[in-house]
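Hi,

Please have a look at it first and then read on.

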Amino acid sequence: MMSVATSPQTASPSVPPIDGIFRALADPTRRRVVERLNRSPASVSELAQPFEMALPSFVEHLKVLEGCGLVRSEKSGRVRTYRLAPEPLKLAENWLAEQRALWERRLDQFDDYVMTLKEKDK
């Protein structure tokens, strides 16, 4: 059986929400679940079907995703259905965009510096 990392919902309040999102997405099983939920909501059994693991282990993955807010679930009768919650993905996307912009600026500055050195060598 597979062990699952600690759930972000048990993290201390000082831990930024983005840490839980990236922690949840660090696992390939959870990323595949998010990819599947991009298409449409699904029941636990539908989501678990492609994975070769015991249902309780798979449910732990869903708890991690729900704990950081990436998915939401609702129960109707005996069926629990999960759907993607896009807000946390936007948070991660915005953080990555900020990092990209920072590094692009740094690389542009470095390029300018190298070009200045080349001009001095002429």
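**The hairpin and the sheet**

Strand 2 and strand 3 form a hairpin with two residues between the strands, and Gly77 in this hairpin has a positive phi near 70 degrees. Before I go further, some housekeeping: this is a predicted model, in which local features need pLDDT of at least 70 and side-chain atom pairs count only at pLDDT 80 or more, while totals for chains, interfaces and linings use all residues. Residues are numbered from 1 along each chain as its sequence is written, and side-chain values use heavy atoms, with hydrogens and water left out.

Helices (H or I, at least four residues) and strands (E, at least two) are DSSP runs, numbered from the N terminus. By that count the protein chain has five helices and three strands, and along the sequence they follow the pattern α-α-β-α-α-β-β-α.

Back to the sheet. Two strands are called paired if DSSP finds at least two bridges between them. Strand 2 (residues 71-76) pairs with strand 3 in the antiparallel sense over six bridges, and Arg72 has Arg83 in strand 3 as its bridge partner. Strand 1 (residues 42-43) also pairs with strand 3 (residues 79-84) in the antiparallel sense, over two bridges. Here Ala42 has Tyr82 as its bridge partner in strand 3, and Ser43 has Thr81. Together the three strands make an open antiparallel sheet in the order 1-3-2. Strand 1 and strand 2 are its edge strands, each pairing on one side only.

**Helices on the sheet**

Which helices pack on the sheet? Helix 2 (residues 28-39) does, touching strand 1, strand 2 and strand 3, and its direction makes about 90 degrees with that of strand 3. Helix 4 (residues 55-67) packs there too, touching strand 2 and strand 3, with its direction at about 115 degrees to that of strand 2. Touching, or contact, means heavy atoms within 4.5 Å. Axes are lines fitted to C-alpha atoms, for helices over the stretch in contact, and angles run from 0 to 180 degrees between N-to-C directions.

These two helices also meet each other: the axes of helix 2 and helix 4 come within 10 Å and cross at roughly 70 degrees. Helix 2 is therefore roughly perpendicular to helix 4 (angles of 65 to 115 degrees count as roughly perpendicular, under 35 as roughly parallel, over 145 as roughly antiparallel, and the rest as oblique). Thr29, Arg30, Val33 and Val34 in helix 2 meet Phe58, His61, Leu62, Val64 and Leu65 in helix 4. By class, this contact has six nonpolar, two polar and one charged residues. For the classes, Ala, Val, Leu, Ile, Met, Phe, Trp, Tyr, Cys and Pro count as nonpolar, Asp, Glu, Lys and Arg as charged, and the others, Gly among them, as polar.

Thr29 and Leu62 are 33 residues apart in sequence, with their C-alpha atoms 9.8 Å apart.

**The other helix pair**

Helix 1 and helix 5 (residues 86-121) pack at an angle of about 100 degrees, with their axes 10 Å apart. That makes helix 1 roughly perpendicular to helix 5. Pro17, Ile18, Ile21, Phe22 and Leu25 in helix 1 meet Pro88, Leu89, Leu91, Ala92, Trp95 and Leu96 in helix 5. This contact has 11 nonpolar, no polar and no charged residues.

**The core**

The largest nonpolar core has 21 residues, of which Val33, Leu37 and Leu47 touch the most other members. Such a core is a set of buried Ala, Val, Leu, Ile, Met, Phe, Trp, Tyr and Cys residues joined through side-chain atoms within 4.5 Å. Helix 4 gives the largest share of this core, four residues. Leu47 touches Val33, Arg36, Leu37, Ala42, Phe58, Leu62 and Tyr82, leaving aside residues up to four places away in sequence.

Across the protein chain, buried residues make up 29% of the 122 residues.

Best wishes

Key. Buried < 20%, exposed > 50% of the residue type's maximum accessible area, 1.4 Å probe, protein only.
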